Every structure is written in structure tokens, then in C-alpha cells.
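Below is a short briefing on one protein model, grouped by topic. Please read it beside the sequence and the structure.

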Amino acid sequence: HAMGPDEKMSYTEHWLWDAKAGKFRTWYFTDWGEVGNGWATVSEDGKTFTVKATGRNHEGKPSKGEGTLTFTDANTMAWSWAETGPMGRMEFKGTSKKVN
């Protein structure tokens, strides 16, 4: 299934600190049936997280991704993500703002 111009995907990701590993574990799920998990490390200044994950797309085929999340201020996060899967390599980037 390819995403058309009017289609949307809902995405949920959970992060938990793994004290033994010294980094965050992540799990993600979409309403299209995509699932995966990975690891995230944080920079020394605490502003940038680097994430690497593997998973399965909505057809059950393997995918892998990596990206960064950088908090530019208390209300803004810049992010980038590159994913390799059945559609080849896709790159995404954007800025998210905190909603009060």
C-alpha cells in the first residue's frame, strides 16, 4: 500500500530509560500495522537524541531507520529520519512545536 496524497498515518512511540544499557529503548506502532523497536542515545548537552530502529512494515517486510531529534528550545524539536524498506530509502524531516 503506497500512501496517497490524502492519506494519513497515526504513529505512537514509547521511550523507556534502560539504566543497565545506559540508553533509551524505543517501541513504535502505527495504525497501518507497522511495528518496530530500537535504541536512542542522548548527547552530552541533553538536547539531541540519536535513534536507530528496526521493524516491519504493514506487509510484514523488514525495515530499518535512523534519525535525530534536537530540542532547539523548550517548545521546539527539529527532527530527521531516514528509513530503508520495501520502497527503498525514504528521508523525512520537520519541526514540531509544543501545544499548550
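**Surroundings of Asp-18**

Asp-18 touches Lys-23, Arg-25 and Trp-39, with residues up to four places away in sequence not counted; contact means heavy atoms within 4.5 Å. This is a predicted model, in which local features need pLDDT of at least 70, side-chain atom pairs count only at pLDDT 80 or more, and totals for chains, interfaces and linings use all residues. Residues are numbered from 1 along each chain as its sequence is written, and side-chain values use heavy atoms, with hydrogens and water left out.

- Asp-18 belongs to strand S1 (residues 11-18); strands (E, at least two residues) are DSSP runs, numbered from the N terminus.
- Asp-18 has a relative accessible area of 15%, so it counts as buried (under 20% relative accessible area is buried, over 50% exposed, in between partly exposed; 1.4 Å probe, protein chains only).
- The side chains of Asp-18 and Arg-25 make a polar contact at 2.7 Å. The term stands for a pair of N or O atoms within 3.5 Å; within protein, one must be able to donate a hydrogen and the other to accept it, and residues adjacent in sequence count only if both atoms are side-chain atoms.
- The Asp-18 side chain also reaches the backbone nitrogen of Ala-21, at 2.9 Å.
- Lys-23 has its charged end over the ring of Trp-39, 4.9 Å from the ring centre. The criterion is NZ of Lys or CZ of Arg within 6 Å of the ring centre and within 35 degrees of the ring normal.

**Aromatic pairs**

- The whole structure contains 6 aromatic pairs. Rings of Phe, Tyr and Trp (its six-membered ring) pair if their centres lie within 6.5 Å; planes under 30 degrees apart count as stacked, over 60 as edge-to-face and the rest as tilted.
- Trp-17 and Phe-24 are edge-to-face because their ring planes stand at 75°, with the centres 4.9 Å apart.
- Phe-24 and Phe-49 are also an edge-to-face pair, at 5.7 Å centre to centre and 65° between the planes.
- Phe-24 is in strand S2 (residues 23-30) and Phe-49 in strand S4 (residues 48-56), so this pair ties together parts 25 residues apart in sequence.
- Phe-49 is buried because its relative accessibility is 13%.
- A cluster linked by ring pairs holds Trp-15, Trp-17, Phe-24, Phe-49 and Phe-71.

**The sheet**

- An open sheet is formed by 7 strands in the order S1-S2-S3-S4-S5-S6-S7, with antiparallel pairing; two strands pair if DSSP finds at least two bridges between them.
- S1 and S7 are the edge strands, each pairing on one side only.
- Strand S4 is joined to strand S5 (residues 62-73) by 9 bridges, and the two run antiparallel.
- Opposite Thr-48 stands Thr-70 in S5.
- Strand S6 (residues 76-85) and S7 run antiparallel, joined by 10 bridges.
- The hairpin from S6 to S7 passes through 2 residues.
- Opposite Ala-82 stands Glu-91 in S7.
- Strand S7 (residues 88-97) is hardly covered, with 0 buried residues among its 10.

**The loop at Gly-33**

- Gly-33 is in the loop between S2 and strand S3 (35-42).
- The relative accessibility of Gly-33 is 45%, so this residue counts as partly exposed.
- Apart from neighbours within four places in sequence, Gly-33 is in contact with Asn-57 and His-58.
- Met-9 is 24 residues from Gly-33 in sequence, and their C-alpha atoms are 10.0 Å apart in space.

Technical notes. Helices (H or I, at least four residues) and strands (E, at least two) are DSSP runs, numbered from the N terminus.
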